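Subject: Handover of the two-chain model

Dear colleague,

Please find below the sequence and the structure that I am handing over to you. My notes on what was found follow directly after them.

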Amino acid sequence: MNKNKIIFSILIIGILCFFISYKMYNRPHANITESTPDITLTADTIIDAFSSDETKANSRYLDKILNITGTVSELKLEKNKGIITLKTNQDFGSVLCHLSESASQNIHSLIVGQKITLKGVCTGYLMDVILVNAEITNE
Amino acid sequence: MKSTYLLLICFLLSYNMQSQEQYLTKNGAITFFSSTIIEDIKAENNQVLSIIDASKSKMAISILIKSFLFKKALMQEHFNENYLESDKFPKATFKGDILNFNNVSSLDAKYDVQGIITIHGVSKEIVVPTIFKRNGDTILVKGEFDLLLEDFDIKIPRLVLKKIAKEINVTFEFNHKPYNR
């Protein structure tokens, strides 16, 4: 009797472990729409930070969910993925926001020159600061 | 890393003064595959910066490691934190020459691109057969090649060794537009 109980509980624990590890393995990406941004700032602030000290800006902003406000200077749709360029006070370098799949469908309602706030994950700085999986948080 | 970027800017600026034959894209695509019996892994990066100077037959590419997006969040985490160490090495770069390059026509033409690729802080010379094609005023560049993880000092723990291929297949497609500052 006792033996059966032990075997049974080991089995339960085994199944539980398997289930938990399976869940962890297939864990989805953080939901940008629902998560609160880590940092809220303007396009000018972030381009200044990256162009003056990239290493410092990397440690501060990389992988963070950012809420960036700026003026739209270019809108384009490539391979069904929306890309919004935000104007900055520098003539070399802007903020490039690659929209999520769902947000890409709303890109047609935007116009060049309007003020906009986008929420996305910062992946770094090439010629521009790059934001991926971005959502439009206000129009 | 910072200096390579500065070099890239210098490259851009200096070349711009001399000629108009520059082409650039800020949203080039690089995809890589790792294929094993147990699992196929794929990651995509659509924010690749690539510059061609047609008059000098040169090409420069800059890639943010964190821009590679995976289907599984855990894989993306391991890729960044353990394998590529993207906090320490946030960028991968390529700089090289397009060999025997002449005018790009509207037909597919194959050129070898030879240069130095830097990933995970390790540089290596590679030659990649690449297709160049003119489409109106744009230049489309695409191709594929394989990379060995051990060449770039990327260590995979024994536990997941069977899930990750030793050789990674990389495909790229850059649609360059004329660049005038």
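Which residue in S2(A) does A:Ile39 stand opposite? The residue opposite A:Ile39 is A:Leu66. Please bear in mind throughout that this is a predicted model.

**Confidence**

For the complex, the predictor gives an ipTM of 0.83 and a pTM of 0.84. Chain B has a mean pLDDT of 87, with 88% of its residues at 70 or more. One stretch of chain B calls for caution: over residues 15–19, pLDDT stays under 50. For that stretch the model has 6 contacts beyond four places in sequence.

**Strands of chain A**

With strand S5 (residues 115–125) of chain A, S2(A) forms 7 bridges and runs antiparallel; here A:Asn67 has A:Lys119 as its bridge partner. With strand S3 (residues 81–87) of chain A, S2(A) again runs antiparallel, joined by 7 bridges. In this pairing A:Leu77 is partnered by A:Gly82 of S3(A). S2(A) and S3(A) form a hairpin with 2 residues between them, and A:Lys79 in the turn has a positive phi of about 50°.

**Helices of chain A**

In helix H2 (residues 43–52) of chain A, the buried residues are A:Ala43, A:Ile46, A:Ile47 and A:Phe50. Viewed down the axis of H2(A), these residues fall within an arc of 95°, so they line one face of the helix.

Helix H3 (residues 54–61) of chain A has the buried residues A:Ala57, A:Asn58 and A:Tyr61. Their directions cover an arc of only 105° around the axis, which puts them on the same side of H3(A). What do the buried residues of H3(A) pack against? They pack against H2, S2 and S5 of chain A. The face of H3(A) turned away from the buried side carries the exposed residues A:Thr55, A:Lys56 and A:Ser59. Just after H3(A), A:Asp63 takes a positive phi of about 70°.

**A loop residue in chain A**

A:Ser100 lies in the loop between strand S4 (95–99) and helix H4 (101–104) of chain A. Is A:Ser100 buried or partly exposed? It has 18 C-beta neighbours inside 10 Å and therefore counts as partly exposed, since burial requires 20 or more. Leaving aside neighbours within four places in sequence, A:Ser100 is in contact with A:Ile32, A:Asn133, A:Ala134 and A:Glu135. The C-alpha atoms of A:Ser100 and A:Leu11 are separated by 42 Å, the two residues being 89 residues apart along the chain.

**Chain B**

Chain B contains 2 helices and 9 strands, and from the N terminus its elements run α-β-β-β-β-α-β-β-β-β-β. Of its 181 residues, 30% are buried. Among the contacts in chain B with a separation of 6 or more, 58% are between residues 24 or more positions apart.

Two hairpins share S7(B). In the hairpin of S6(B) and S7(B), 2 residues lie between the strands, and B:His120 takes a positive phi near 60°. Strand S6 (residues 109–119) of chain B and strand S7 (residues 122–135) of chain B run antiparallel and are joined by 11 bridges. B:Asp112 has B:Pro129 in S7(B) as its bridge partner. S7(B) then pairs in the antiparallel sense with strand S8 (residues 138–148) of chain B, over 6 bridges, and there B:Ile131 is partnered by B:Lys142. The hairpin of S7(B) and S8(B) also has 2 residues between the strands, with B:Gly136 at a positive phi near 65°.

**Where the chains meet**

How many residues does the contact take from chain B and from chain A? It takes 15 residues from chain B and 23 residues from chain A. On the side of chain B that touches chain A, the elements giving two or more residues are strand S1 (22–35), strand S2 (40–53), strand S3 (58–64) and helix H2 (73–83) of chain B. S2(B) gives the most, with 3 residues. By class, this side of chain B has 6 nonpolar, 5 polar and 4 charged residues.

With kind regards

How values were computed
Residues numbered from 1 in each chain as written. Chains lettered and ligands numbered in written order. Predicted model: local features only at pLDDT ≥ 70, side-chain atom pairs only at ≥ 80, totals over all residues. Contact = placed C-beta atoms within 7 Å. Helix = DSSP H or I, 4+ residues; strand = E, 2+ residues; numbered from the N terminus. Nonpolar A, V, L, I, M, F, W, Y, C, P; charged D, E, K, R; others polar. Pairing = 2+ DSSP bridges. pLDDT = per-residue confidence, 0-100. Buried ≥ 20, exposed ≤ 12 C-beta atoms within 10 Å, placed from the backbone. Arc of directions from axis to C-beta.
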